[in-house]
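Look over the sequence and the 3D structure shown below.

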Amino acid sequence: DSVLRPDPESYLYIGGLQGLRGYPNYYAIGDRRWQATVEDRIVTPVQLFSLFQLGFVGYVDVAQIHQVSPASWSPTYSDVGVGFRIGSIRSAFNNTFYFTIAWPLKNAPGVSGHEIVIGNIINF
């Protein structure tokens with residue numbers, strides 16, 4: 001992603017909400033970034049009450065951002081994580097609830113030893 005002469009509301013970020021799950025939300029700001037995720041999901045045949053199907057996920061996220069001040073590329077940040085997924089198989093909207101934990105592979109200020117993410121995904 002790249003932004004040319006962004007106004008203060010249009011800068012790019014890397015962090016938890018942007019797909020770098022082992023880091024805090026909006027961790028670093030800049031005008032250019034790249035990021036990649038490699039993820040593998042395992043859907044098990046285990047069903048609970050004929051309503052939910054269990055699964056697991058493993059992933060690696062990598063990202064780098066071109067910082068505004070000083071104008072240079074940040075270090076390459078990466079994390080590794082695993083998660084537990086519960087899919088609602090009777091839902092009209094394909095709800096998936098997940099619980100993941102990610103460990104950052106690059107130590108940096110403001111980064112803890114791990115991040116826990118709990119949420120849901122709704123696909124229409």
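Trp103 lies in strand β6, residues 96-104; strands (E, at least two residues) and helices (H or I, at least four residues) are DSSP runs, numbered from the N terminus. This is a predicted model, in which local features need pLDDT of at least 70 and side-chain atom pairs count only at pLDDT 80 or more, while totals for chains, interfaces and linings use all residues. Residues are numbered from 1 along each chain as its sequence is written, and side-chain values use heavy atoms, with hydrogens and water left out.

**Strand β6 and the surface**

- Trp103 has a relative accessible area of 36% and is therefore partly exposed; buried means under 20%, exposed over 50%, and partly exposed in between, with a 1.4 Å probe and protein chains only.
- Trp103 belongs to a nonpolar surface patch of about 510 Å², together with Val38, Val60, Val80, Val82 and Leu105.
- Patches are made of residues with over 30% relative accessible area and no salt bridge; like charges are joined within 9 Å, and nonpolar side chains (Val, Leu, Ile, Met, Phe, Trp, Tyr) within 5 Å.
- Accessible areas come from the Shrake-Rupley method with a 1.4 Å probe, and for residues only the protein chains shown count as cover.
- Thr96 is also placed in strand β6, and Thr96 is buried because its relative accessible area is 14%.
- Thr96 and Ser112 are 16 residues apart in sequence, and their C-alpha atoms are 27 Å apart in space.

**Salt bridges**

- Side chains of opposite charge can pair when their charged atoms come close.
- A salt bridge is a side-chain nitrogen of Lys or Arg within 4 Å of a carboxyl oxygen of Asp or Glu, and by this rule the count comes to 4.
- One of them joins the side chains of Asp61 and Arg21, at 3.0 Å from N to O.
- This pair links distant parts of the chain, 40 residues apart: Asp61 is in strand β3, and Arg21 is in the loop between β1 (12-14) and β2.
- Asp61 counts as buried because its relative accessibility is 0%, and Arg21 counts as buried because its value is 19%.
- Another salt bridge is formed by Arg41 and Glu39, whose closest N and O atoms are 2.7 Å apart.
- Arg41 is partly exposed at 48% relative accessibility, and Glu39 is partly exposed at 30%.
- Asp31 forms a salt bridge with Arg32, with 3.9 Å between the closest N and O atoms.
- In that pair, Asp31 counts as buried at 18% relative accessibility, whereas Arg32 counts as partly exposed at 33%.

**The cavity**

- Rolling a probe the size of a water molecule over the atoms shows where empty space is left.
- On a 1 Å grid over the protein atoms alone, a cavity is a set of points where a 1.4 Å probe fits but cannot get out, and a pocket is an open set with protein on both sides within 12 Å along at least five of seven lines; lining residues have an atom within 4 Å of a point.
- Grid points are joined across faces, edges and corners, and a volume is the space filled by probe spheres set on the points.
- A search of the whole structure finds 1 cavity of 30 Å³ or more, and the largest cavity holds about 40 Å³ of space.
- The lining of the largest cavity consists of Gln18, Gly19, Leu20, Gln35, Ala36, Thr37, Asp61, Val62 and Ala63.
- β2 (28-48) and β3 (52-67) each supply at least two residues of this lining.
- The lining of the largest cavity has 4 nonpolar, 4 polar and 1 charged residues; Ala, Val, Leu, Ile, Met, Phe, Trp, Tyr, Cys and Pro count as nonpolar, Asp, Glu, Lys and Arg as charged, and the others, Gly among them, as polar.

**The pockets**

- The largest pocket holds about 370 Å³ of space.
- Of the 16 residues that line the largest pocket, Gly16, Arg21, Tyr98, Thr100 and Val117 lie nearest its centre.
- β2, β6 and β7 (115-121) give two or more residues each to the lining of the largest pocket, and β7 gives the largest share, 4 residues.
- By class, the lining of the largest pocket has 7 nonpolar, 4 polar and 5 charged residues.
- The second largest pocket has a volume of about 180 Å³, and of its 14 lining residues Val43, Gln53, Arg85, Gly87 and Thr96 are the closest to its centre.
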